[in-house]
Amino acid sequence: MLNAYQPTQEDVAGILEGGEGALAALNRVVQGVVLHARTTAWYQTQYLLKQQQAQLQPVMEHYHQAEQDKLTNAFF
């Protein structure tokens with residue numbers, strides 16, 4: 001779910017061998033780690049956003065009710 005990255009044996013061997021193969025293997029490892037970090041950050045952001053929305057829900061309900069009361073009083 002979090003796109004956790006586990007380097008393959010080929011990647012480890014490619015890095016240890018050196019040369020252009022090492023660059024390609026290192027690139028795959030870096031891309032996997034970045035994807036994992038980006039996915040984890042997105043889930044954390046969504047979690048914090050839901051927490052904020054839950055905390056602000058009573059305030060928003062009060063605000064909308066006050067708006068409704070104001071419109072009702074203005075109409076009548």
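Me: Where is the place of Ala66?
Reply: Ala66 sits in helix α2. Helices here are DSSP runs of H or I with at least four residues, strands are runs of E with at least two, and both are numbered from the N terminus.

Me: What does the model rest on, and how are residues numbered?
Reply: This is a predicted model, in which local features need pLDDT of at least 70 and side-chain atom pairs count only at pLDDT 80 or more, while totals for chains, interfaces and linings use all residues. Residues are numbered from 1 along each chain as its sequence is written, and side-chain values use heavy atoms, with hydrogens and water left out.

Me: Back to Ala66: is it buried, partly exposed or exposed?
Reply: Ala66 has a relative accessible area of 39%, so it is partly exposed. The cut-offs are under 20% relative accessible area for buried and over 50% for exposed, with partly exposed in between (1.4 Å probe, protein chains only).

Me: How far apart are Ala66 and Trp42?
Reply: Their C-alpha atoms are 35 Å apart in space, and the two residues are 24 apart in sequence.

Me: How many helices and strands does the protein have?
Reply: The protein has two helices and zero strands. Its radius of gyration is 26 Å, well over the 11 Å that the globule rule gives for 76 residues, so the protein is more spread out than a compact globule. That radius is taken over C-alpha atoms, and the rule is 2.2 Å times the number of residues to the power 0.38.

Me: What does the C-alpha trace span along its principal axes?
Reply: The trace spans about 80 × 15 × 10 Å.

Me: Which is the accessibility class of Arg28, and which of Asp11?
Reply: Arg28 is partly exposed at 41% relative accessibility, whereas Asp11 is buried at 4%.

Me: How far apart are the mean positions of the positive and negative charges?
Reply: The mean positions of the 4 positive and 7 negative charges are 7 Å apart. Lys and Arg count as positive and Asp and Glu as negative, while His and the chain ends are not counted. Each charge is placed at NZ of Lys, CZ of Arg, CG of Asp or CD of Glu.

Me: How many aromatic pairs does the structure hold?
Reply: The structure holds two aromatic pairs. The rings of Trp42 and Tyr43 have centres 5.0 Å apart and planes at 80 degrees, so this pair is edge-to-face. Phe75 and Phe76 also form an edge-to-face pair, 5.0 Å centre to centre with 80 degrees between the planes. Rings of Phe, Tyr and Trp (its six-membered ring) pair if their centres lie within 6.5 Å; planes under 30 degrees apart count as stacked, over 60 as edge-to-face and the rest as tilted.

Me: What are the relative accessible areas of Trp42 and Tyr43?
Reply: Trp42 is partly exposed at 48%, and Tyr43 is partly exposed at 34%. In the other pair, Phe75 is exposed at 67% and Phe76 is exposed at 77%.

Me: What about Tyr47?
Reply: Tyr47 is in helix α2 and is exposed, with a relative accessible area of 52%. Tyr47 and Pro58 are 11 residues apart in sequence and 19 Å apart in space, C-alpha to C-alpha.

Me: Where is Leu16 found?
Reply: Leu16 is found in helix α1 and counts as exposed at 70% relative accessibility.

Me: Lastly, where does Asn3 lie, and what is its phi?
Reply: Asn3 lies in the segment before α1, and its phi is near 55 degrees, a positive value in a residue other than glycine. Most residues other than glycine have a negative phi. Asn3 is partly exposed at 38% relative accessibility.
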